[in-house]
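The structure comes first, the notes after it.

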Amino acid sequence: MPALKLLLVEDDRIVRIPVRDALVDAGYLVTDCADGTSAQRLLTSETFDIVLSDVRLPGVDGLSLFRLARGLQPPPAVVLMTAYADTDHAVTAMREGVRDYVLKPFEMDELLLRLGSVRDEVQFRLRVGRAQLMEASELGQQLAGATPAMAQLRERLEAAAASDIAVLLAGETGTGKDLAARLVHQRSARAERPFVAVNCAAIPENLFESEMFGHERGAFTGAERRRAGRFEAADRGTLFLDEVGELSLPNQAKLLRAIESSSFEPVGATETKRVDVRVISATNRDLSDAVTTGAFRRDLFYRLKVIDVRLPPLREHRADIPLLVGKFLTDIAGRLGKPTQVLSPAAAAALATHDYPGNVRELLHALERAVALARGKPISLEHLPIELARVMPPSADTGLRPLEEAVEQFERQYIERALEQAEGHRGRAASLLGISRKSLWERLRDAQAEAQLKKGKPPSP
Ligand SMILES: Nc1ncnc2c1ncn2[C@@H]1O[C@H](COP(=O)(O)OP(=O)(O)OP(=O)(O)O)[C@@H](O)[C@H]1O
Ligand SMILES: [Mg+2]
(Lines give C-alpha, C1' and ligand atoms only; values in the text may rest on other atoms or scores of the structure.)
(Ligands and ions follow the chains in the order given, each with its own letter.)
Protein backbone atom coordinates (compact mmCIF):
# COMPACT_ATOMS: atom_id res chain seq x y z
CA MET A 1 0.00 0.00 0.00
CA PRO A 2 1.30 3.50 -0.77
CA ALA A 3 2.08 5.79 2.17
CA LEU A 4 -0.70 8.11 3.28
CA LYS A 5 -0.43 11.90 3.30
CA LEU A 6 -1.10 13.48 6.66
CA LEU A 7 -1.53 17.14 7.57
CA LEU A 8 -0.49 17.95 11.14
CA VAL A 9 -1.85 21.23 12.55
CA GLU A 10 -0.55 22.20 15.99
CA ASP A 11 0.47 25.64 17.26
CA ASP A 12 2.50 24.33 20.18
CA ARG A 13 5.99 23.55 18.95
CA ILE A 14 6.70 21.34 21.93
CA VAL A 15 3.92 19.03 20.80
CA ARG A 16 4.23 19.50 17.03
CA ILE A 17 7.88 18.55 16.52
CA PRO A 18 7.91 15.20 18.38
CA VAL A 19 4.52 14.22 16.94
CA ARG A 20 5.72 15.04 13.46
CA ASP A 21 8.90 12.99 13.92
CA ALA A 22 7.01 10.02 15.33
CA LEU A 23 4.55 10.12 12.40
CA VAL A 24 7.35 10.28 9.85
CA ASP A 25 8.99 7.29 11.55
CA ALA A 26 5.68 5.45 11.39
CA GLY A 27 5.66 5.90 7.60
CA TYR A 28 3.26 8.82 7.06
CA LEU A 29 4.06 11.55 4.54
CA VAL A 30 3.71 14.48 6.91
CA THR A 31 3.15 18.18 6.22
CA ASP A 32 2.94 20.29 9.35
CA CYS A 33 1.82 23.82 10.11
CA ALA A 34 1.19 25.94 13.19
CA ASP A 35 -2.05 27.81 12.52
CA GLY A 36 -5.52 27.31 11.12
CA THR A 37 -5.17 29.74 8.25
CA SER A 38 -2.14 27.98 6.77
CA ALA A 39 -3.89 24.66 7.31
CA GLN A 40 -6.88 25.95 5.42
CA ARG A 41 -4.68 27.00 2.53
CA LEU A 42 -2.89 23.65 2.45
CA LEU A 43 -6.16 21.74 2.57
CA THR A 44 -7.53 23.52 -0.44
CA SER A 45 -4.36 23.32 -2.47
CA GLU A 46 -3.26 19.72 -1.84
CA THR A 47 -4.93 16.41 -1.15
CA PHE A 48 -4.44 14.74 2.22
CA ASP A 49 -5.65 11.37 3.40
CA ILE A 50 -5.64 12.26 7.09
CA VAL A 51 -5.72 15.54 9.03
CA LEU A 52 -4.51 15.54 12.64
CA SER A 53 -5.35 18.89 14.16
CA ASP A 54 -5.39 20.69 17.47
CA VAL A 55 -8.81 22.15 18.33
CA ARG A 56 -7.76 25.57 19.62
CA LEU A 57 -5.61 27.26 17.05
CA PRO A 58 -4.72 30.78 16.06
CA GLY A 59 -6.85 31.81 13.09
CA VAL A 60 -9.26 29.06 12.11
CA ASP A 61 -10.04 26.41 14.77
CA GLY A 62 -9.91 22.63 14.40
CA LEU A 63 -13.63 22.10 14.06
CA SER A 64 -13.84 24.64 11.22
CA LEU A 65 -10.95 22.89 9.52
CA PHE A 66 -12.90 19.66 9.81
CA ARG A 67 -15.96 21.28 8.24
CA LEU A 68 -13.82 22.47 5.36
CA ALA A 69 -12.18 19.05 4.98
CA ARG A 70 -15.55 17.33 4.90
CA GLY A 71 -16.45 19.18 1.70
CA LEU A 72 -13.26 18.24 -0.14
CA GLN A 73 -13.08 15.60 -2.82
CA PRO A 74 -12.03 13.05 -1.56
CA PRO A 75 -12.59 14.12 2.06
CA PRO A 76 -9.64 13.37 4.36
CA ALA A 77 -10.25 11.58 7.68
CA VAL A 78 -9.96 14.09 10.53
CA VAL A 79 -8.63 13.42 14.04
CA LEU A 80 -8.73 16.24 16.60
CA MET A 81 -6.47 16.78 19.61
CA THR A 82 -7.32 18.95 22.58
CA ALA A 83 -5.99 19.81 25.98
CA TYR A 84 -9.43 20.66 27.31
CA ALA A 85 -11.64 17.83 28.42
CA ASP A 86 -14.65 19.32 26.68
CA THR A 87 -16.87 16.29 26.16
CA ASP A 88 -19.72 18.29 24.59
CA HIS A 89 -17.40 19.53 21.97
CA ALA A 90 -16.05 16.02 21.39
CA VAL A 91 -19.54 14.56 21.03
CA THR A 92 -20.59 17.24 18.53
CA ALA A 93 -17.44 16.72 16.52
CA MET A 94 -17.73 12.95 16.40
CA ARG A 95 -21.39 13.18 15.47
CA GLU A 96 -20.50 15.42 12.56
CA GLY A 97 -17.99 12.91 11.31
CA VAL A 98 -14.67 13.63 13.03
CA ARG A 99 -12.97 10.22 13.06
CA ASP A 100 -11.38 10.40 16.49
CA TYR A 101 -10.73 12.76 19.37
CA VAL A 102 -7.48 12.55 21.37
CA LEU A 103 -7.00 14.15 24.78
CA LYS A 104 -3.72 15.90 25.59
CA PRO A 105 -1.38 15.01 27.06
CA PHE A 106 -1.20 11.68 25.29
CA GLU A 107 1.39 8.96 24.98
CA MET A 108 2.91 8.84 21.51
CA ASP A 109 2.08 5.13 21.29
CA GLU A 110 -1.54 5.77 22.02
CA LEU A 111 -1.71 8.41 19.29
CA LEU A 112 -0.05 6.10 16.78
CA LEU A 113 -2.43 3.30 17.70
CA ARG A 114 -5.48 5.47 17.13
CA LEU A 115 -4.10 6.84 13.89
CA GLY A 116 -3.29 3.29 12.87
CA SER A 117 -6.93 2.34 12.86
CA VAL A 118 -7.80 5.47 10.85
CA ARG A 119 -5.05 4.53 8.40
CA ASP A 120 -6.41 0.99 8.08
CA GLU A 121 -9.81 2.39 7.34
CA VAL A 122 -8.50 4.77 4.66
CA GLN A 123 -6.47 1.99 3.06
CA PHE A 124 -9.44 -0.33 3.17
CA ARG A 125 -11.49 2.27 1.29
CA LEU A 126 -8.75 2.58 -1.33
CA ARG A 127 -8.59 -1.19 -1.70
CA VAL A 128 -12.35 -1.48 -2.15
CA GLY A 129 -12.15 1.12 -4.90
CA ARG A 130 -9.45 -0.90 -6.53
CA ALA A 131 -11.33 -4.19 -6.15
CA GLN A 132 -14.33 -2.63 -7.84
CA LEU A 133 -12.15 -1.58 -10.74
CA MET A 134 -10.63 -5.05 -10.96
CA GLU A 135 -14.03 -6.67 -10.86
CA ALA A 136 -15.22 -4.45 -13.65
CA SER A 137 -12.21 -5.58 -15.64
CA GLU A 138 -12.90 -9.24 -14.94
CA LEU A 139 -16.48 -8.92 -16.07
CA GLY A 140 -15.37 -9.44 -19.61
CA GLN A 141 -14.10 -5.91 -19.98
CA GLN A 142 -10.58 -6.80 -21.09
CA LEU A 143 -9.43 -5.93 -24.56
CA ALA A 144 -9.93 -9.28 -26.24
CA GLY A 145 -8.36 -10.30 -29.52
CA ALA A 146 -5.79 -12.81 -30.69
CA THR A 147 -4.57 -11.11 -33.87
CA PRO A 148 -1.13 -9.47 -34.01
CA ALA A 149 -2.88 -6.09 -34.20
CA MET A 150 -4.52 -6.67 -30.83
CA ALA A 151 -1.46 -8.22 -29.24
CA GLN A 152 0.50 -5.14 -30.28
CA LEU A 153 -2.17 -2.86 -28.90
CA ARG A 154 -2.13 -4.60 -25.53
CA GLU A 155 1.63 -4.45 -25.40
CA ARG A 156 1.57 -0.73 -26.07
CA LEU A 157 -1.03 -0.18 -23.39
CA GLU A 158 1.01 -2.18 -20.88
CA ALA A 159 4.02 -0.03 -21.67
CA ALA A 160 1.89 3.09 -21.22
CA ALA A 161 0.64 1.75 -17.87
CA ALA A 162 4.17 1.17 -16.65
CA SER A 163 5.03 4.82 -17.28
CA ASP A 164 3.42 7.92 -15.85
CA ILE A 165 3.26 10.04 -18.98
CA ALA A 166 0.45 11.37 -21.12
CA VAL A 167 -1.30 8.94 -23.46
CA LEU A 168 -3.40 9.84 -26.47
CA LEU A 169 -5.77 7.11 -27.68
CA ALA A 170 -6.95 7.49 -31.26
CA GLY A 171 -9.53 5.31 -32.90
CA GLU A 172 -12.96 5.21 -34.50
CA THR A 173 -16.05 5.01 -32.39
CA GLY A 174 -16.51 1.71 -30.56
CA THR A 175 -12.92 0.54 -30.92
CA GLY A 176 -12.37 0.40 -27.16
CA LYS A 177 -10.76 3.74 -26.26
CA ASP A 178 -12.69 4.02 -23.04
CA LEU A 179 -11.82 0.46 -22.11
CA ALA A 180 -8.15 1.04 -22.97
CA ALA A 181 -7.99 4.19 -20.82
CA ARG A 182 -9.38 2.29 -17.82
CA LEU A 183 -6.98 -0.57 -18.39
CA VAL A 184 -3.99 1.77 -18.43
CA HIS A 185 -5.15 3.34 -15.18
CA GLN A 186 -5.83 -0.01 -13.50
CA ARG A 187 -2.40 -1.31 -14.35
CA SER A 188 -0.61 1.87 -13.40
CA ALA A 189 0.89 2.87 -10.07
CA ARG A 190 -2.14 5.15 -9.66
CA ALA A 191 -4.63 2.26 -9.69
CA GLU A 192 -5.77 2.90 -6.13
CA ARG A 193 -6.45 6.55 -6.80
CA PRO A 194 -9.41 7.95 -8.74
CA PHE A 195 -10.02 7.52 -12.45
CA VAL A 196 -11.99 10.59 -13.50
CA ALA A 197 -13.52 10.59 -16.97
CA VAL A 198 -14.57 13.83 -18.64
CA ASN A 199 -16.43 13.89 -21.92
CA CYS A 200 -15.11 17.13 -23.42
CA ALA A 201 -17.82 17.14 -26.08
CA ALA A 202 -20.57 17.11 -23.47
CA ILE A 203 -19.45 20.17 -21.46
CA PRO A 204 -20.91 23.47 -22.66
CA GLU A 205 -18.05 25.71 -23.74
CA ASN A 206 -18.65 28.37 -21.09
CA LEU A 207 -18.87 25.86 -18.24
CA PHE A 208 -15.60 24.11 -19.06
CA GLU A 209 -13.50 26.13 -16.65
CA SER A 210 -15.68 25.65 -13.59
CA GLU A 211 -16.26 21.99 -14.47
CA MET A 212 -12.54 21.27 -14.78
CA PHE A 213 -11.10 23.57 -12.14
CA GLY A 214 -14.04 24.01 -9.76
CA HIS A 215 -15.31 27.24 -8.31
CA GLU A 216 -15.49 29.12 -5.05
CA ARG A 217 -18.70 29.88 -3.26
CA GLY A 218 -20.28 32.95 -4.87
CA ALA A 219 -17.94 32.86 -7.88
CA PHE A 220 -20.95 33.38 -10.12
CA THR A 221 -24.74 33.46 -9.85
CA GLY A 222 -25.90 30.08 -8.66
CA ALA A 223 -22.55 29.07 -7.14
CA GLU A 224 -23.96 28.51 -3.68
CA ARG A 225 -21.20 26.24 -2.51
CA ARG A 226 -17.56 25.72 -3.23
CA ARG A 227 -17.25 22.91 -5.74
CA ALA A 228 -14.21 20.84 -6.60
CA GLY A 229 -13.44 20.44 -10.30
CA ARG A 230 -12.45 17.31 -12.18
CA PHE A 231 -8.75 18.11 -11.96
CA GLU A 232 -8.96 18.15 -8.19
CA ALA A 233 -11.06 14.99 -8.10
CA ALA A 234 -8.39 13.24 -10.15
CA ASP A 235 -5.52 14.33 -7.89
CA ARG A 236 -2.91 11.57 -7.66
CA GLY A 237 -5.04 9.55 -10.06
CA THR A 238 -5.86 9.65 -13.77
CA LEU A 239 -7.85 12.23 -15.67
CA PHE A 240 -9.41 10.80 -18.82
CA LEU A 241 -10.25 13.50 -21.38
CA ASP A 242 -12.59 11.83 -23.81
CA GLU A 243 -13.26 13.47 -27.21
CA VAL A 244 -10.56 16.00 -26.48
CA GLY A 245 -10.63 17.10 -30.13
CA GLU A 246 -13.95 18.82 -29.50
CA LEU A 247 -12.55 21.50 -27.19
CA SER A 248 -12.66 25.12 -28.31
CA LEU A 249 -9.35 26.94 -28.76
CA PRO A 250 -9.73 29.08 -25.62
CA ASN A 251 -10.46 26.00 -23.54
CA GLN A 252 -7.53 24.19 -25.11
CA ALA A 253 -5.33 27.03 -23.85
CA LYS A 254 -6.73 26.71 -20.31
CA LEU A 255 -6.24 22.97 -20.35
CA LEU A 256 -2.68 23.28 -21.61
CA ARG A 257 -1.80 25.74 -18.87
CA ALA A 258 -3.17 23.46 -16.16
CA ILE A 259 -1.37 20.40 -17.53
CA GLU A 260 1.93 22.19 -17.99
CA SER A 261 2.01 23.73 -14.55
CA SER A 262 0.16 20.94 -12.68
CA SER A 263 -1.86 23.71 -11.14
CA PHE A 264 -4.87 25.92 -11.71
CA GLU A 265 -7.10 28.51 -10.06
CA PRO A 266 -10.69 27.55 -9.34
CA VAL A 267 -13.14 30.12 -10.73
CA GLY A 268 -13.38 33.00 -8.25
CA ALA A 269 -10.37 31.85 -6.24
CA THR A 270 -7.20 33.76 -5.56
CA GLU A 271 -5.18 30.75 -4.49
CA THR A 272 -3.54 28.39 -6.93
CA LYS A 273 -4.20 24.70 -6.47
CA ARG A 274 -1.52 22.16 -7.15
CA VAL A 275 -2.40 18.71 -8.39
CA ASP A 276 -0.62 15.59 -9.49
CA VAL A 277 -2.63 14.18 -12.35
CA ARG A 278 -1.86 11.73 -15.14
CA VAL A 279 -3.69 12.63 -18.31
CA ILE A 280 -5.06 10.13 -20.79
CA SER A 281 -7.01 11.55 -23.69
CA ALA A 282 -9.01 10.06 -26.52
CA THR A 283 -10.17 11.20 -29.90
CA ASN A 284 -11.99 9.72 -32.85
CA ARG A 285 -10.84 12.50 -35.17
CA ASP A 286 -7.50 12.87 -36.80
CA LEU A 287 -5.97 15.41 -34.45
CA SER A 288 -2.91 16.00 -36.60
CA ASP A 289 -5.29 17.16 -39.33
CA ALA A 290 -6.97 19.47 -36.86
CA VAL A 291 -3.53 20.81 -35.95
CA THR A 292 -2.80 21.53 -39.61
CA THR A 293 -6.07 23.41 -40.09
CA GLY A 294 -5.52 25.33 -36.86
CA ALA A 295 -8.51 23.84 -35.05
CA PHE A 296 -6.30 22.19 -32.46
CA ARG A 297 -3.25 23.69 -30.73
CA ARG A 298 -0.03 22.06 -31.73
CA ASP A 299 1.58 22.51 -28.29
CA LEU A 300 -1.37 20.82 -26.59
CA PHE A 301 -1.35 18.03 -29.16
CA TYR A 302 2.28 17.18 -28.37
CA ARG A 303 1.64 17.52 -24.66
CA LEU A 304 -1.18 14.96 -24.88
CA LYS A 305 0.42 12.43 -27.18
CA VAL A 306 3.69 11.68 -25.43
CA ILE A 307 2.65 8.08 -26.06
CA ASP A 308 0.14 7.69 -28.84
CA VAL A 309 -1.86 4.54 -29.24
CA ARG A 310 -4.01 3.76 -32.24
CA LEU A 311 -6.95 1.42 -31.76
CA PRO A 312 -7.55 -0.44 -35.01
CA PRO A 313 -11.06 -0.56 -36.47
CA LEU A 314 -12.62 -4.01 -36.32
CA ARG A 315 -12.46 -4.43 -40.10
CA GLU A 316 -8.67 -4.38 -39.77
CA HIS A 317 -8.67 -7.36 -37.42
CA ARG A 318 -11.60 -9.37 -38.66
CA ALA A 319 -9.94 -12.60 -37.67
CA ASP A 320 -10.86 -11.63 -34.07
CA ILE A 321 -14.58 -11.57 -34.82
CA PRO A 322 -15.24 -15.24 -33.93
CA LEU A 323 -13.33 -14.87 -30.69
CA LEU A 324 -15.19 -11.67 -29.79
CA VAL A 325 -18.53 -13.24 -30.68
CA GLY A 326 -17.76 -16.23 -28.46
CA LYS A 327 -16.64 -14.04 -25.61
CA PHE A 328 -19.64 -11.71 -25.82
CA LEU A 329 -22.14 -14.58 -26.06
CA THR A 330 -20.57 -16.16 -22.97
CA ASP A 331 -20.55 -12.83 -21.14
CA ILE A 332 -24.17 -12.10 -22.00
CA ALA A 333 -25.28 -15.61 -20.98
CA GLY A 334 -23.32 -15.27 -17.73
CA ARG A 335 -25.03 -11.97 -16.98
CA LEU A 336 -28.46 -13.46 -17.65
CA GLY A 337 -27.65 -16.71 -15.83
CA LYS A 338 -28.66 -18.68 -18.93
CA PRO A 339 -26.79 -21.17 -21.12
CA THR A 340 -24.71 -19.66 -23.92
CA GLN A 341 -26.68 -19.34 -27.15
CA VAL A 342 -25.47 -20.86 -30.41
CA LEU A 343 -25.36 -19.23 -33.84
CA SER A 344 -26.78 -20.59 -37.07
CA PRO A 345 -24.12 -20.89 -39.80
CA ALA A 346 -25.76 -18.09 -41.78
CA ALA A 347 -25.74 -15.76 -38.78
CA ALA A 348 -22.11 -16.62 -38.08
CA ALA A 349 -21.25 -15.89 -41.69
CA ALA A 350 -23.08 -12.58 -41.64
CA LEU A 351 -21.33 -11.56 -38.43
CA ALA A 352 -17.96 -12.49 -39.86
CA THR A 353 -18.29 -10.49 -43.07
CA HIS A 354 -19.99 -7.28 -41.96
CA ASP A 355 -17.97 -4.07 -42.12
CA TYR A 356 -18.81 -2.71 -38.65
CA PRO A 357 -18.67 1.05 -38.96
CA GLY A 358 -19.52 1.00 -35.24
CA ASN A 359 -16.69 -1.46 -34.54
CA VAL A 360 -16.69 -3.69 -31.44
CA ARG A 361 -19.56 -1.79 -29.83
CA GLU A 362 -21.73 -2.48 -32.89
CA LEU A 363 -20.90 -6.19 -32.71
CA LEU A 364 -21.63 -6.29 -28.98
CA HIS A 365 -24.97 -4.52 -29.39
CA ALA A 366 -25.97 -6.75 -32.31
CA LEU A 367 -25.35 -9.80 -30.12
CA GLU A 368 -27.19 -8.39 -27.11
CA ARG A 369 -30.16 -7.72 -29.34
CA ALA A 370 -29.96 -11.13 -31.00
CA VAL A 371 -29.82 -12.96 -27.67
CA ALA A 372 -32.91 -11.09 -26.52
CA LEU A 373 -34.83 -11.77 -29.75
CA ALA A 374 -33.85 -15.44 -30.12
CA ARG A 375 -35.04 -16.26 -26.62
CA GLY A 376 -32.90 -19.36 -26.12
CA LYS A 377 -33.17 -20.66 -29.70
CA PRO A 378 -30.16 -20.59 -32.03
CA ILE A 379 -29.44 -17.09 -33.26
CA SER A 380 -30.25 -16.82 -36.96
CA LEU A 381 -30.20 -14.09 -39.59
CA GLU A 382 -33.64 -12.81 -38.62
CA HIS A 383 -32.31 -11.89 -35.16
CA LEU A 384 -29.54 -9.71 -36.54
CA PRO A 385 -29.92 -6.03 -37.40
CA ILE A 386 -30.88 -5.57 -41.03
CA GLU A 387 -27.56 -4.03 -42.12
CA LEU A 388 -25.77 -7.13 -40.84
CA ALA A 389 -28.16 -9.72 -42.20
CA ARG A 390 -27.98 -8.16 -45.66
CA VAL A 391 -24.46 -9.39 -46.30
CA MET A 392 -25.63 -12.25 -48.51
CA PRO A 393 -28.66 -11.13 -50.48
CA PRO A 394 -31.08 -14.06 -50.85
CA SER A 395 -32.91 -14.61 -54.11
CA ALA A 396 -36.08 -12.59 -54.51
CA ASP A 397 -38.59 -15.41 -54.87
CA THR A 398 -37.86 -17.82 -52.00
CA GLY A 399 -35.67 -15.65 -49.78
CA LEU A 400 -33.18 -18.53 -49.95
CA ARG A 401 -30.62 -19.94 -52.30
CA PRO A 402 -28.67 -23.13 -52.55
CA LEU A 403 -26.56 -23.71 -49.48
CA GLU A 404 -23.50 -24.57 -51.52
CA GLU A 405 -23.67 -21.28 -53.37
CA ALA A 406 -24.09 -19.30 -50.17
CA VAL A 407 -21.19 -21.08 -48.52
CA GLU A 408 -18.99 -20.49 -51.57
CA GLN A 409 -19.82 -16.83 -51.66
CA PHE A 410 -19.10 -16.52 -48.00
CA GLU A 411 -15.79 -18.34 -48.37
CA ARG A 412 -14.77 -16.12 -51.24
CA GLN A 413 -15.60 -12.93 -49.40
CA TYR A 414 -13.87 -14.17 -46.31
CA ILE A 415 -10.69 -15.05 -48.18
CA GLU A 416 -10.74 -11.64 -49.86
CA ARG A 417 -10.92 -9.98 -46.47
CA ALA A 418 -7.99 -12.02 -45.23
CA LEU A 419 -5.95 -11.08 -48.28
CA GLU A 420 -6.90 -7.46 -47.81
CA GLN A 421 -5.76 -7.53 -44.24
CA ALA A 422 -2.56 -9.35 -45.12
CA GLU A 423 -1.97 -6.69 -47.79
CA GLY A 424 -2.00 -9.35 -50.49
CA HIS A 425 0.58 -11.50 -48.75
CA ARG A 426 -0.77 -15.05 -49.26
CA GLY A 427 1.28 -16.76 -46.58
CA ARG A 428 0.05 -14.29 -43.98
CA ALA A 429 -3.54 -14.53 -45.22
CA ALA A 430 -3.37 -18.32 -44.95
CA SER A 431 -2.16 -18.16 -41.39
CA LEU A 432 -4.88 -15.63 -40.51
CA LEU A 433 -7.41 -18.15 -41.83
CA GLY A 434 -5.75 -21.08 -40.13
CA ILE A 435 -5.23 -23.02 -43.38
CA SER A 436 -2.13 -24.00 -45.35
CA ARG A 437 -0.79 -21.88 -48.20
CA LYS A 438 -1.55 -24.73 -50.53
CA SER A 439 -5.15 -24.90 -49.43
CA LEU A 440 -5.52 -21.14 -49.81
CA TRP A 441 -4.03 -21.31 -53.28
CA GLU A 442 -6.42 -24.09 -54.33
CA ARG A 443 -9.41 -22.19 -53.05
CA LEU A 444 -8.33 -19.04 -54.85
CA ARG A 445 -7.84 -20.97 -58.05
CA ASP A 446 -11.30 -22.55 -57.79
CA ALA A 447 -12.90 -19.22 -57.08
CA GLN A 448 -11.15 -17.63 -60.03
CA ALA A 449 -12.09 -20.48 -62.35
CA GLU A 450 -15.67 -20.23 -61.30
CA ALA A 451 -15.77 -16.48 -61.76
CA GLN A 452 -14.39 -16.81 -65.27
CA LEU A 453 -16.79 -19.59 -66.15
CA LYS A 454 -19.62 -17.32 -65.16
CA LYS A 455 -18.27 -14.65 -67.49
CA GLY A 456 -18.14 -17.28 -70.26
CA LYS A 457 -14.34 -17.41 -70.44
CA PRO A 458 -12.32 -20.61 -70.13
CA PRO A 459 -10.20 -20.83 -67.01
CA SER A 460 -6.60 -19.83 -67.50
CA PRO A 461 -4.18 -22.75 -67.23
N1 LIG B 1 -11.23 -5.70 -27.81
C2 LIG B 1 -12.33 -5.67 -27.06
N3 LIG B 1 -12.67 -6.72 -26.29
C4 LIG B 1 -13.77 -6.71 -25.55
N5 LIG B 1 -14.63 -5.69 -25.52
C6 LIG B 1 -14.37 -4.61 -26.26
C7 LIG B 1 -13.20 -4.54 -27.06
N8 LIG B 1 -13.20 -3.35 -27.69
C9 LIG B 1 -14.30 -2.71 -27.30
N10 LIG B 1 -15.01 -3.45 -26.43
C11 LIG B 1 -16.32 -3.12 -25.86
O12 LIG B 1 -17.01 -2.37 -26.83
C13 LIG B 1 -17.75 -1.30 -26.26
C14 LIG B 1 -17.29 0.00 -26.85
O15 LIG B 1 -15.96 0.29 -26.41
P16 LIG B 1 -15.53 1.75 -25.87
O17 LIG B 1 -16.66 2.40 -25.17
O18 LIG B 1 -14.26 1.60 -25.13
O19 LIG B 1 -15.30 2.47 -27.28
P20 LIG B 1 -14.77 3.94 -27.61
O21 LIG B 1 -13.62 3.78 -28.51
O22 LIG B 1 -14.58 4.69 -26.36
O23 LIG B 1 -15.97 4.51 -28.47
P24 LIG B 1 -16.50 6.05 -28.62
O25 LIG B 1 -15.50 6.77 -29.47
O26 LIG B 1 -17.81 5.89 -29.32
O27 LIG B 1 -16.62 6.59 -27.24
C28 LIG B 1 -17.52 -1.40 -24.77
O29 LIG B 1 -18.60 -2.13 -24.22
C30 LIG B 1 -16.23 -2.18 -24.64
O31 LIG B 1 -16.20 -2.88 -23.44
MG1 LIG C 1 -15.64 6.34 -25.54
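**Salt bridges and cysteines**

Arg 16 is buried, at a relative accessible area of 11% (buried is under 20%, exposed over 50%, partly exposed in between; 1.4 Å probe, protein chains only). This is a predicted model: local features need pLDDT of at least 70, side-chain atom pairs count only at pLDDT 80 or more, and totals for chains, interfaces and linings use all residues. Residues are numbered from 1 along each chain as its sequence is written, chains are lettered from A and ligands numbered from 1 in the order written, and side-chain values use heavy atoms, without hydrogens and water.

**Salt bridges**
- The count comes to 33 salt bridges (a side-chain nitrogen of Lys or Arg within 4 Å of a carboxyl oxygen of Asp or Glu).
- Asp 32 pairs with Arg 16, with the closest N and O atoms 3.4 Å apart.
- Asp 32 is partly exposed at 25%.
- Arg 16, Arg 20, Asp 21 and Asp 32 are linked in a salt-bridge network.

**Helix-to-helix pairs**
- Arg 230 forms a salt bridge with Glu 211 at 2.7 Å between the closest N and O atoms.
- Arg 230 is in helix H9 (residues 230-233) and Glu 211 in helix H8 (residues 208-213), so the pair ties together parts 19 residues apart in sequence (helices are DSSP runs of H or I, at least four residues, numbered from the N terminus).
- Glu 211 is buried at 16%, while Arg 230 is partly exposed at 25%.

**Cysteines**
- A search of the whole structure finds zero disulfides (pairs of cysteine sulfur atoms within 2.5 Å).
- Cys 33 is buried at 8%, and Cys 200 is buried at 4%.

Key:
Helix = DSSP H or I, 4+ residues; strand = E, 2+ residues; numbered from the N terminus.
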